Amino acid sequence: MKIRTLIKILLVLTGSLCVLSTVLQNPVLELYVKPMTVPLFFMLYWFNVKKVNLLFSCVLLLCFLGDIFLLTGIENGFRYVLLSYTLCYFILFYFLYKNHKKLDYNNIDIAYLSVFMVVWTIIVYQIYAVTNQAMGDIRPFGIVYIIILYLLLIGAVFQYINIRSPKSLWFVIAILNFVISDTCFALDRFYVSSLELKIINSIYQLLAVYFLVKFKISSANPLKIKN
């Protein structure tokens with residue numbers, strides 16, 4: 001059996017157990033299983049590239065630390081979770097910049113992007129409106145976190161519409177999964193506690209890291225048809 005196939009099997013197994021631990025509300029199982037997922041994603045990345053990118057490895061490390069801070073329940077752990085993922089998203093802005101191409105939007109592209117901007121802004125405002133009061137003393141950190149994620153998805157969508165490469169596609173899907181995961185987490189923690197939100201958060205958090213790996217190992221060749 002090839003090592004990459006084995007890693008994928010282990011990822012499916014551990015990912016399924018992570019979701020199962022959430023469904024069963026079993027924190028002990030989650031504590032032992034969830035920390036295994038990001039190292040397996042790193043191994044999947046490692047065995048699919050010729051040279052490991054140090055900065056991307058830092059992104060995966062920050063995702064791993066975010067899981068650890070959340071699972072261990074240390075004092076002020078949630079602040080460390082916010083810090084870990086905030087730094088992770090900041091680094092992802094670098095990859096946006098690195099993959100930047102000269103802007104090439106037509107009228108249809110501009111129309112789609114305008115609709116996206118309006119809808120996305122309304123969604124973010126509504127999320128902030130229902131979670132704002134419950135954030136308490138971490139509100140400043142929460143606001144910064146929301147703004148960063150808001151801008152990151154905008155950048156990812158704008159880049160994909162401009163380039164339409166496999167790399168930009170996986171990147172925007174990864175960021176969208178982070179958005180869904182973080183939104184469910186915030187609503188569950190600061191608005192209404194719900195097992196369904198916890199399950200969605202668990203699933204999409206795993207998918208987000210998986211698509212980040214897909215982004216890093218995929219082609220950057222543009223697929224946009226020129227007019």
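Begin with helices α6 and α8, which run roughly parallel to each other, because the angle between them falls under 35 degrees. The model on display is a predicted one.

Select residues 107-131 for α6 and residues 166-190 for α8; the two helices pack at an angle of about 25 degrees, and their axes lie 9 Å apart. Viewed as a pair, α6 and α8 form a left-handed crossing. Next, show the side chains at this contact: W120, I127, V130 and T131 belong to α6, while V179, T183, A186, L187 and F190 belong to α8. Colouring the contact residues of α6 and α8 by type gives seven nonpolar, two polar and no charged.

Proceed to the largest pocket, which holds about 510 Å³ of space. Select E30, L70, L71, F185 and K198, the closest to the pocket centre among its 24 lining residues. Helices that each supply at least two residues to this lining include α1 (3-23), α4 (54-72) and α8. Which helix gives the most to the lining of the largest pocket? That helix is α9, with five residues. By type, the lining of the largest pocket comprises ten nonpolar, nine polar and five charged residues.

Select L11, V12, F41, L44 and Y210, which are the closest to its centre of the 17 residues in the lining. Two or more lining residues come from each of α1, α3 (37-46) and α9. Here α1 provides the largest share, seven residues. The lining of the second largest pocket divides into ten nonpolar, four polar and three charged residues.

Conventions. Residues numbered from 1 in each chain as written. Predicted model: local features only at pLDDT ≥ 70, side-chain atom pairs only at ≥ 80, totals over all residues. Heavy atoms only, no water. Axes fitted to C-alpha atoms, helices over the stretch in contact; angles between N-to-C directions. Helix = DSSP H or I, 4+ residues; strand = E, 2+ residues; numbered from the N terminus. Parallel < 35°, antiparallel > 145°, perpendicular 65-115°, else oblique. Left-handed = near helix turned anticlockwise from the far one by under 90°. Contact = heavy atoms within 4.5 Å. Nonpolar A, V, L, I, M, F, W, Y, C, P; charged D, E, K, R; others polar. 1 Å grid on protein atoms, 1.4 Å probe; cavity = no way out; pocket = protein on both sides within 12 Å on 5 of 7 lines; lining within 4 Å. Points joined across faces, edges and corners; volume = space filled by probe spheres on them.
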